[in-house]
Amino acid sequence: MSIELLLALITGAALFGVGVYGALSQTNLVMIMMGVELMLAGAMVNLVAFWRYLHPDNPAGQMFVLIIMTVMAIEMAVGFGVAIARFRAKGSVEMEEAAELKG
Amino acid sequence: MFFIGFFGLAAVWFGIVVFRTFSMVRSALALLFSQTALGAMFLSMQAEFLGVLQIMMMATEMSIMAIFMVMFMMDPGGLGEMDMTHQKRLSLGAGIVSFVAAVAVAVFVDWGPVATVVPDAAQQTIDLGLELLGRSMLIFETAGITILTAMIAATAVAIQPGANSTTSHRRRPVSTNNPLDSGMRRNDER
Amino acid sequence: MTTVLLLLLLAVGAYLVAVIEAWTTSGRLRLAAPLLAGIALLGRESIVPRKPDQVFFEVAPVLLLISAILAAAVVPLTPDLIITDLATGALFINAALVYVLVALLMAGWGPDGAYAMIGGWRFLGQLIAYAMLIVMPITAVVMRAESLLTTQVVVSQAGLWNIVYQPLGFVLFFIASMALAFLPPFDLTTSKGELAGGVEAEYTGVRLAIFRLGRLALIITLAAATVVFYLGGWQGPLLPPWAWSAIKILVVTATMLLAGRYMPRIREADLLAWCWMFGIPLALLNIFIVGVLVLVFP
């Protein structure tokens, strides 16, 4: 058990925690997306740390980080598309005002 | 080790700043610097390609985020110090619980022996390229197709209904069902 | 030692860019003019606008300079004269240059002024236009070199320079790097005539001096990158390697500064439309052609 691996994992956990807080507490769609980005960043740190300290010979670990970057980009693109459509239709992207989406 | 801790701390600190500042541009750029610190952390973990890629991609992404923040927030400058949060206690609790759970897993799991030797950066890049276009090609291609689909879908969702001008020279026809220019219409009706 | 020497060379290069720029605009070659202008700027009062975003306002000019210097760090002038020969050098140049955008956004938002802010956000739109045209031609160059090392890129052009091997990529990269350095006709962000200086509008004194220095360093860095990627770097007959690098970089700089001088400023929307409708398909075509060439004539 190395201290560096632990440091990296704790960083990942902290970023994930901050991201969860942000995604749940913010009322604006764009801010919620920022929370999600932070959660994904936390996952990314973990993947790099596992690749570096446990399986440095296997490049698949690095590939997963690339996939997560793709997921971040997709999340941004779709999120902003939805945000623009919502802003056109309702004039705001505040989630408090989106109560009609409740089932 | 010092650098990993330092950049990790910087990343987390900037991550917290994202939700503590009132200025939306500051918020987006704090997220950018959080991601940049992560990129530096990757560099100090000897994942050179990923670190540089992270630093490069996030700068563009977060700058675009900044302009969307300015477009969609009521108070982008943060001068009114408006509270934009809800269910604070629940989300704080959820954040802390997930942090503690993840740390507990990290501490109590036996990760086994830690590798000390890492292939050098040039070799890593070669390996990654062969991995992407060899064994994992299907995954990589799927990611590419997915991002293309997402681009098209996002554009299709976001495009203004009724606007059919393709070049910038032509003036857009004023659509009547667009709330963005509802103010102007109301004036006309009066 | 090399680092200090290269930083010194970067400063000299930035000075020469200022001289050449004054020459292309006014037609007079005055060697001391930038020095005098710089001293005058340092002596001038540093006015801080009302209610600025203090952090952004102070950080932006420095960040512009730093990103230009970081990009210059992986550009080789001779086989040994390079600050750090990163294994991912060709990617690192992109990564460093993206922070030009961040610096300009900060400079636009920070001073709380309308002209500055329009200039800053304009540059974001400009980035959407040119970013792909920086990355994709570099991809083609790297494909030929089969390495991300910038020194390796130069070595790969020993037989035939990339400007002949992939002229399409050169043209696209040249235009895109002019847009990246916000030179005319792409100076939407600092346009003197319509935005009163854009992001520079609210800066005075020392901060403006740093900002301009950063811009000059950015221009010379981009010229050096063009030389490394397309003009065979230090290679050439008779003269020593450093002389060839210097000559090529100065010629490319002068071309960049002259090329836009006689063109009208391009509209933001036109720039976006042309880059995405023509630039990106051409860049993809370039990658395809280079791929075929690399496979057929190894």
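Me: In which loop is the place of P185(C)?

Reply: Helices (H or I, at least four residues) and strands (E, at least two) are DSSP runs, numbered from the N terminus. In chain C, P185(C) sits in the loop between α8 (167-180) and α9 (192-195). A cis peptide bond, with omega about 5°, joins P184(C) to P185(C).

Me: How should I read the labels, and what kind of model is this?

Reply: Residues are numbered from 1 along each chain as its sequence is written, while chains are lettered from A and ligands numbered from 1 in the order in which they are written. This is a predicted model, in which local features need pLDDT of at least 70 and side-chain atom pairs count only at pLDDT 80 or more, whereas totals for chains, interfaces and linings use all residues.

Me: What is the mean pLDDT of chain C?

Reply: pLDDT is the predictor's confidence in each residue, from 0 to 100. Where pLDDT is low, the predicted coordinates should not be read in detail. For chain C the mean pLDDT is 86, and 100% of the residues reach 70 or more. The model as a whole scores ipTM 0.86 and pTM 0.86.

Me: How many helices and strands does chain C have?

Reply: Chain C has twelve helices and zero strands. From the N terminus, its elements read α-α-α-α-α-α-α-α-α-α-α-α. Chain B has seven helices and zero strands.

Me: What does the radius of gyration say about chain C?

Reply: The radius of gyration is taken over C-alpha atoms, and the globule rule is 2.2 Å times the number of residues to the power 0.38. For 298 residues, a compact globule would have a value near 19 Å; chain C has 19 Å, so the two agree. Along the principal axes, the C-alpha trace of chain C spans about 60 × 45 × 35 Å.

Me: What share of chain C is buried, and what share of chain B?

Reply: A residue is buried if 20 or more other C-beta atoms lie within 10 Å of its own, exposed if 12 or fewer, and partly exposed in between, with C-beta atoms placed from the backbone. In chain C, 53% of the 298 residues are buried. In chain B, 35% of the 190 residues count as buried.

Me: Is D112(C) buried or partly exposed, and why?

Reply: D112(C) is partly exposed, because 17 other C-beta atoms lie within 10 Å. D112(C) belongs to the loop between α4 and α5 of chain C, and its phi is positive, about 60°, although D112(C) is not a glycine. In chain B, Q46(B) has a positive phi near 65° and is a residue other than glycine. Q46(B) lies in the loop between α2 (24-44) and α3 (48-72) of chain B. With 17 C-beta neighbours inside 10 Å, Q46(B) therefore counts as partly exposed.

Me: How do I check the span of helix α2 of chain A?

Reply: The expected span of a helix is 1.5 Å times one less than its number of residues. Helix α2 of chain A (residues 29-53) has 25 residues and should span 36 Å; its end C-alpha atoms are 37 Å apart, which agrees. α2(A) is mostly covered, as 20 of its 25 residues are buried.

Me: Which two chains share the most contacts?

Reply: Two residues are in contact if their C-beta atoms, placed from the backbone, lie within 7 Å. Two pairs of chains are in contact, and chains A and B share the most contacts. That contact takes 65 residues from chain A and 66 residues from chain B. On the side of chain A that touches chain B, α3(A) gives the most, with 21 residues. Chain A and chain C do not touch, and their nearest C-alpha atoms are 14 Å apart.

Me: How many residues does the contact take from chain C and from chain B?

Reply: This contact takes 21 residues from chain C and 19 residues from chain B. Ten residues, the largest share of the side of chain C that touches chain B, come from α4(C). Ala, Val, Leu, Ile, Met, Phe, Trp, Tyr, Cys and Pro count as nonpolar, Asp, Glu, Lys and Arg as charged, and the others, Gly among them, as polar. By these classes, the side of chain C that touches chain B has 17 nonpolar, two polar and two charged residues.

Me: What are the domains of chain B?

Reply: Domain bounds come from an automatic or database domain assignment. Chain B is divided into domain 1 (1-75) and domain 2 (121-160). The centres of these two domains of chain B, taken over C-alpha atoms, are separated by 22 Å.
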